[in-house]
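Welcome! Here is a friendly briefing to read alongside the sequence and the 3D view.

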Amino acid sequence: MTLHLDTVLLKSFVAVAETGSFSQAADRIGRGQSAVSLQIKKLEAGLNASLFDRTGQKVTLTEQGEIFLGYARRMLDLQDDAYSRLNTPDLRGEITLGT
């Protein structure tokens with residue numbers, strides 16, 4: 001199975017990792033808790049890795065989750081950089097200040 005790491009999956013993963021909670025992550029990204037839970041299950045199945053240890057209400061990253069978190073953040077940052085670069089006009093010209 002080929003996993004497509006879309007923005008929604010990555011944002012859900014990062015939100016759960018940062019908050020330590022599916023419900024807080026859902027609030028942060030504006031989705032339902034069940035949707036976030038399904039996205040994490042899909043991500044874990046696609047990566048064939050357990051990314052979180054689930055103990056009661058608390059969720060913590062596994063070793064593999066810690067590794068993937070760095071990649072997920074970099075992918076989201078790169079996507080933001082690409083969007084900004086393509087949608088921000090190049091500024092050119094001369095600025096003269098007088099005092």
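Buried means under 20% relative accessible area, exposed over 50%, and partly exposed in between, with a 1.4 Å probe and protein chains only as cover. What you are looking at is a predicted model, in which local features need pLDDT of at least 70, side-chain atom pairs count only at pLDDT 80 or more, and totals for chains, interfaces and linings use all residues. Residues are numbered from 1 along each chain as its sequence is written, and side-chain values use heavy atoms, with hydrogens and water left out.

- Helices (H or I, at least four residues) and strands (E, at least two) are DSSP runs, numbered from the N terminus; helix α1 covers residues 7-19.
- The expected span of a helix is 1.5 Å times one less than its number of residues, so the 13 residues of α1 should span 18 Å, which agrees with the 18 Å between its end C-alpha atoms.
- An α-helix has 3.6 residues a turn, so residues three or four places apart point the same way.
- A polar contact is a pair of N or O atoms within 3.5 Å; within protein, one must be able to donate a hydrogen and the other to accept it, and residues adjacent in sequence count only if both atoms are side-chain atoms.
- At the start of α1, a side-chain oxygen of Asp6 comes to within 3.2 Å of the backbone nitrogen of Val8.
- After α1 comes Gly20, with a positive phi near 75°.

**Salt bridges**

- A salt bridge is a side-chain nitrogen of Lys or Arg within 4 Å of a carboxyl oxygen of Asp or Glu, and this rule gives a count of three.
- Arg28 and Glu18 form one of them, with their closest N and O atoms 2.4 Å apart. This pair links distant parts of the chain, since Arg28 sits in helix α2 (residues 22-29) and Glu18 in helix α1, 10 residues apart.
- Glu18 also meets Arg73 in a salt bridge at 3.0 Å, N to O. Here the partners are 55 residues apart, with Arg73 in helix α4 (residues 63-87) and Glu18 in helix α1.
- Arg28 has a relative accessible area of 48%, Glu18 has 41% and Arg73 has 36%, and each value falls in the partly exposed range.
- Arg54 and Glu44 form a salt bridge too, their closest N and O atoms being 3.0 Å apart. It connects strand β1 (residues 52-55), which holds Arg54, with helix α3 (residues 33-47), which holds Glu44, across 10 residues of sequence.
- Arg54 is partly exposed at 40% relative accessible area, whereas Glu44 is buried at 12%.

**Glu44 and Thr62**

- Leaving aside neighbours within four places in sequence, Glu44 is in contact with Ala49, Ser50, Leu51, Phe52 and Arg54.
- Thr62 is found in the loop between β2 and α4, and its 11% relative accessibility makes it buried.
- The side chain of Thr62 reaches two backbone atoms: the oxygen of Ser50 at 2.6 Å and the nitrogen of Gly65 at 3.0 Å.
- Not counting residues up to four places away in sequence, Thr62 touches Ser50, Leu51, Phe52 and Asp53.

**A nonpolar patch on the surface**

- Patches are made of residues with over 30% relative accessible area and no salt bridge; like charges are joined within 9 Å, and nonpolar side chains (Val, Leu, Ile, Met, Phe, Trp, Tyr) within 5 Å.
- Leu5, Leu47, Ile67, Tyr71 and Met75 form a nonpolar patch with about 410 Å² of accessible area together, as given by the Shrake-Rupley method with a 1.4 Å probe, where only the protein chains shown count as cover for residues.
- Helix α4 gives the most to this patch, with three residues.
- Tyr71 lies in helix α4 and is partly exposed at 44% relative accessibility.

**After the last helix named here**

- Pro89 lies in the segment after α4 and is exposed, with a relative accessible area of 60%.
- Pro89 and Phe13 are 76 residues apart in sequence and 32 Å apart in space, C-alpha to C-alpha.

Technical notes: Contact means heavy atoms within 4.5 Å.
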